[in-house]
Amino acid sequence: MNTEIMGALAMYILLVALAIPLGRYIGKVFEGEKTWLDAVLNPLDKLFYRLGGIRVDREMNWKQHLLAMLTINLFWFLLSMFILTNMGWLPLNPDGNPSMSGDLAFNTAISFVSNTNLQHYSGETGMSYLGQLVLMLWQFISAATGMAACAVVFKAMKERTTEKLGNFFVLLIRSSTRVLLPLSIIVALILVFNGTPMNFEGKAQYISMQGDTVNVSRGPAAAMIAIKQLGTNGGGFFGANSAVPFENPNYFTNMVECISIVLIPIAMIFALGHILKRKRLAWVIFAVMTVGFLLFAIPSIYLEMKGNPAIAKMGIAQKMGSMEGKEVRFGPAASAYWAISTTVTSNGSVNAMHDSLTPLTGMFTMLGMMVNCFYGGVGVGFLNFYIFIIIAVFISGLMVGRTPEFLGKKIEAKEMKIASIIALLHPLLILAATAVSSHLYSGDPKGYAAWLNNPGNHGFSEMLYEFTSSSANNGSGFEGLGDNTPFWNIACGLVMLLSRFLPIVGPVAIAGILARKKYIPESAGTLKTDTGTFGIMVLAVILIVAALSFFPALSLGPIAEYFGMR
């Protein structure tokens, strides 16, 4: 058990050690500064600029950035719909997997374009190799979209007055080619050398010891797994995701993948410090996010290592901890650490079944997604945190009787209205959608019996988790839920759509409005936002506004289940 804890601690220390220099590198990429990869990647960038007709010197204001983002995402969605609904006759389908139905294709297309990767299908039987490759492309593009939007906010936060915030397409391409592509190649090579498939062959067959013929799926898995982790996408090549040995062969690859999940979200914080020349502010933000992460990770690891109280009542020893739904090669500590890492970010990949977590650990995974800003997704994690910074600055200003200011710009009514709407959107989508599904099920439990394998408190948790995952653009699930139905495909698709783009529009709009305002130099009376005191204030706002909004729902689900097992 101590070895498992030390393994989790080593993973986190190595993660931070890698994130700090990567953050400086990302900051240089966004600022157009010289990097050691320029000689190799400049020609590739220029090729994309030429093919796309992109004028590198044409800077955009915040409205033009958002228009470019929404337009190109609409194109990617329509292209995804066409491919997913026609996979059956398109090439690269050696196993003859069928095309998707309209509602499942709608869900899947939105899911991958929005960086959610919620999968209401199993990759082995529900997707052709062409479909997998197209979705892998969206894993690069959706992650780069979040990074580009975040870079726009970084540029707007500089100590100046301007409307010009760079070029969205340049930021998108540089995020893909300079950050995501090189890191993905490294991780994919590590996976290949450890046994993860990377080919275009169909299913292999072998005869088992009892004489059965077994079909083993394979394909271009290593490439997809690398970007699914680094881009906080999470969508697996195989149905059981990173619990499958082909996706995650051993403890070493488990460490590599787990570090990859949180690497870029943390690096983006240090990129902020480089771009703004405010390293102390970056460390305060990192500290607040880390405290939140540890508040969820430490009790989760303890609870999973302690074992299941219901099994303990039966007099069964649990020397390895709670092992239901977990891989023996990882154990409960590494599984719990992954579960929190994947839910405080928008990753959603799993190396154990979240539906089998002990009730309170399941609650902590949901809280990670409900808060949705303790590291968060690639780029968008900071955008969510930025909203809470604006709210905290406004409240702090009112408390001391001064006009709220952040980085030399006054926070006024317009910015607060946008921030309040975005902060309340996440709870609204989750709780309203869960209420509708609960009403439908309770009104006709026989008609909707296929939804829940576990009625009662845990069944409610399954529905709450599904919409929480959709709204947080996470993609993981309590897989006891029968989710491949028109209701769940369409409802989750709409939630993913709204929760992806509105929380990007809001922060970019606020940052763009603030960038146009007159810069006011700091004085003795200016509220310092790079102090521990302000960090505590932001954490309090997050816990009050975000976490407490969900307490009644959590009381009906995992909390009630926990007390029911005692």
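# Cavities and helix packing in a predicted model

The largest cavity holds about 280 Å³ of space. The structure described here is a predicted model. A search of the whole structure finds seven cavities of 30 Å³ or more.

**The largest cavity**

- The lining of the largest cavity is made up of 24 residues. Asn372, Asn384, Ile422, His426 and Pro503 are the closest of them to the centre of the cavity.
- Four helices each contribute at least two residues to the lining of the largest cavity: α13 (359-371), α14 (380-400), α15 (413-443) and α17 (486-516).
- Helix α15 gives the largest share of this lining, namely six residues.
- By residue type, the lining of the largest cavity consists of 15 nonpolar, eight polar and one charged.

**Helices α16 and α19**

- Helix α16 covers residues 457-471, and helix α19 covers residues 551-565. The two pack at an angle of about 130°, and their axes are 8 Å apart.
- Because of this angle, α16 is oblique to α19.
- The crossing in which α16 passes α19 is left-handed.
- On the α16 side, the residues that meet α19 are Asn457, His458, Phe460, Ser461 and Leu464. On the α19 side, their partners are Ala553, Leu554, Leu556, Gly557, Pro558, Ala560 and Glu561.
- The contact of α16 with α19 comprises seven nonpolar residues, four polar and one charged.

**Helices α13 and α16**

- Helix α13, which supplies at least two residues of the lining of the largest cavity, also packs with α16. The angle between α13 and α16 is about 30°, and their axes lie 9 Å apart.
- The crossing of α13 and α16 is left-handed.
- Thr365, Met366, Met369 and Met370 form the α13 side of the contact. Ser461, Leu464, Tyr465, Thr468 and Ser469 form the α16 side.
- Five nonpolar and four polar residues make up the contact of α13 with α16, and no charged residue takes part.

**Helices α9 and α10**

- Helix α9 spans residues 251-276, and helix α10 spans residues 279-306. They pack at an angle of about 160°, with 7 Å between their axes.
- Angles over 145 degrees count as roughly antiparallel, and α9 and α10 are therefore roughly antiparallel to each other.
- The crossing of α9 and α10 is right-handed.
- From α9, the contact uses Ile266, Ile269, Phe270, Leu272, Gly273 and Leu276. From α10, the contact uses Lys279, Leu281, Ala282, Trp283, Ile285, Phe286 and Met289.
- The residues of the contact of α9 with α10 are eleven nonpolar, one polar and one charged.

Key
Residues are numbered from 1 along each chain as its sequence is written. This is a predicted model: local features need pLDDT of at least 70, side-chain atom pairs count only at pLDDT 80 or more; totals for chains, interfaces and linings use all residues. Side-chain values use heavy atoms; hydrogens and water are left out. On a 1 Å grid over the protein atoms alone, a cavity is a set of points where a 1.4 Å probe fits but cannot get out, and a pocket is an open set with protein on both sides within 12 Å along at least five of seven lines; lining residues have an atom within 4 Å of a point. Grid points are joined across faces, edges and corners, and a volume is the space filled by probe spheres set on the points. Ala, Val, Leu, Ile, Met, Phe, Trp, Tyr, Cys and Pro count as nonpolar, Asp, Glu, Lys and Arg as charged, and the others, Gly among them, as polar. Axes are lines fitted to C-alpha atoms, for helices over the stretch in contact, and angles run from 0 to 180 degrees between N-to-C directions. Angles under 35 degrees count as roughly parallel, over 145 as roughly antiparallel, 65 to 115 as roughly perpendicular and the rest as oblique. A crossing is left-handed if the near helix is turned anticlockwise from the far one by less than a right angle, and right-handed if clockwise. Contact means heavy atoms within 4.5 Å.
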